[in-house]
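Take a look at the structure below. We will walk through it step by step, from helix packing to pockets and then to the backbone.

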Amino acid sequence: MENNEHNKKYDDLFTPLEKEILALIIKAKVLNDLTEIKNKYLSKKGEFSILMNKIREVDDKKAFGEAFNFARKKLESAFNEKVEEFKRLALNEELQKDSLDITLPGNNFKSGAMNPFYKVKREIEDIFVGMGYTVENGPEVDSDKYVFELLNIPKDHPARDMQDTLYIDDNLLLRSHTSSVQAHVMEKANGKPIKIICPGKTFRRDDDDMTHSHQFAQVEGLVIDKDINLGNLKATLELFAKKMFAKDAKIRFRSSYFPFTEPSVEVDVSCFNCKGKGCSVCKGSGWIEILGAGMVHPNVLKMSGYDPEVYSGYAFGIGIERVAMLRYGIDDIRRFYQSDVKFIKEFNKKVED
Ligand code: PHE
């Protein structure tokens, strides 16, 4: 039976007290007032609760019970509503006290910046990936076979002197150039065409001075296919120079020597600072040396299972720090490795401006 459908025969019995209590509940100012009301009227022995005892004196006990419960529920819900109201008020007060002072200046979040070395590394990768190269990786600790032998540098070859490095034992060493990855990739390719770059760390017994470090990084490039010629190499490196340094950059080849390429060339880029007139960046010559390259030596092709009568290829090795130093006018290679936040930030500004 619903509350509002109850038998109303005894309602009058409860109305006066009910009204009195309701008025008190409405008037209550603090939670304590409610506690008092509860104790006095609504607890087990409260004045309202004990009205129930009168049930003994009436004939229609069911109607009495219904009337009592109807009144009790009304009081309870009024009481509970008031409790909730006080809780809300208390919470609001609390929140008001705790509110944030948004006029206080905040703590600045210090964000990092990318080292110029990595910016240039990624840029070089992007340029070559855009030309269809895939990026390969190889071991930094490698065996004599891959770092030297397969690159046409047998034991006791004088070229080893230029690439002295740290040896783990007679056979294992820190690679002195990324050309070692050429040998690994050719071995895996099993006589198939290749078009890769490999960026990575290299180690060499170099005097540590402003422009040299015992550890530096190169990007190796290797293309092997039928009908690859020096013209392809030149076009590739010229496109690289234009994208990396200046839209109107030119390159020139000077003949050089590497045991694993024949012919071998040193590659210069026209000075992007003075446009070839001669300045301090190009030391007055109008040209800046940027990398070594050449056509893959027939011995190298043969040792890795390519017939030099059918296949030809080119290779190049770009020094990442060197490109970054030229590109951003950094004069000391050691700055890349010092984790000097001031340097990195300063540099980032330059790039973003
Ligand atoms: N490996 C050479 C060096 O470290 C660079 C190079 C790579 C030259 C590929 C020619 C071809 O100096």
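How are helix 4 and helix 10 oriented to each other: roughly parallel, roughly antiparallel, roughly perpendicular or oblique? Keep in mind that this is a predicted model. Two packed helices are described by the angle between their axes and the distance between the axes. For helix 4 and helix 10, the angle is about 105 degrees and the axes are 9 Å apart. Angles from 65 to 115 degrees count as roughly perpendicular. Helix 4 and helix 10 are therefore roughly perpendicular to each other.

Now see which side chains meet there. Helix 4 brings P116, F117, V120, K121, E123 and I124. Helix 10 answers with I320, E321, V323, A324, R327 and Y328. The residues of this contact divide into 8 nonpolar and 4 charged, with no polar ones.

Helix 4 has another partner. Its residues 116-130 pack against helix 8, residues 230-244. The two axes come within 10 Å and cross at roughly 135 degrees. That makes helix 4 oblique to helix 8. The crossing is right-handed. From helix 4, the contact uses V120, E123, I124, I127 and F128. From helix 8, T236, F240, K243 and M244 take part. Here the residues divide into 6 nonpolar, 1 polar and 2 charged. Notice V120, E123 and I124 of helix 4: they touch helix 8, and they also meet helix 10.

Helix 2 covers residues 31-42, and helix 3 covers residues 61-98. They pack at about 160 degrees, with their axes 10 Å apart. Angles over 145 degrees count as roughly antiparallel. Helix 2 and helix 3 are therefore roughly antiparallel to each other. Helix 2 passes helix 3 in a left-handed crossing. L31, L34, K38 and L42 of helix 2 touch L75, F79, K82, V83 and F86 of helix 3. This contact has 7 nonpolar and 2 charged residues, and no polar ones.

What is the volume of the largest pocket? It is about 910 Å³. This pocket is lined by 38 residues, and R204, F216, Q218, E289 and G317 are the closest to its centre. Several elements give two or more residues to the lining, among them helix 6, strand 5 and strand 9. Strand 8 gives the largest share, 6 residues. The lining divides into 18 nonpolar, 12 polar and 8 charged residues.

The second largest pocket has a volume of about 470 Å³. Its lining holds 19 residues. Nearest its centre lie V281, K283, I288, R322 and L326. Strand 6, strand 8 and helix 10 each supply at least two of the lining residues. The lining has 8 nonpolar, 4 polar and 7 charged residues.

Finish with the backbone. Most residues other than glycine have a negative phi, and most peptide bonds are trans. P263 sits in strand 7. K275 is not a glycine, yet its phi is positive, about 55 degrees. K283 also has a positive phi, near 50 degrees. K275 lies in the loop between strand 7 and strand 8, and K283 is found in that loop too.

Key. Residues are numbered from 1 along each chain as its sequence is written. This is a predicted model: local features need pLDDT of at least 70, side-chain atom pairs count only at pLDDT 80 or more; totals for chains, interfaces and linings use all residues. Side-chain values use heavy atoms; hydrogens and water are left out. Axes are lines fitted to C-alpha atoms, for helices over the stretch in contact, and angles run from 0 to 180 degrees between N-to-C directions. Helices (H or I, at least four residues) and strands (E, at least two) are DSSP runs, numbered from the N terminus. Angles under 35 degrees count as roughly parallel, over 145 as roughly antiparallel, 65 to 115 as roughly perpendicular and the rest as oblique. A crossing is left-handed if the near helix is turned anticlockwise from the far one by less than a right angle, and right-handed if clockwise. Contact means heavy atoms within 4.5 Å. Ala, Val, Leu, Ile, Met, Phe, Trp, Tyr, Cys and Pro count as nonpolar, Asp, Glu, Lys and Arg as charged, and the others, Gly among them, as polar. On a 1 Å grid over the protein atoms alone, a cavity is a set of points where a 1.4 Å probe fits but cannot get out, and a pocket is an open set with protein on both sides within 12 Å along at least five of seven lines; lining residues have an atom within 4 Å of a point. Grid points are joined across faces, edges and corners, and a volume is the space filled by probe spheres set on the points.
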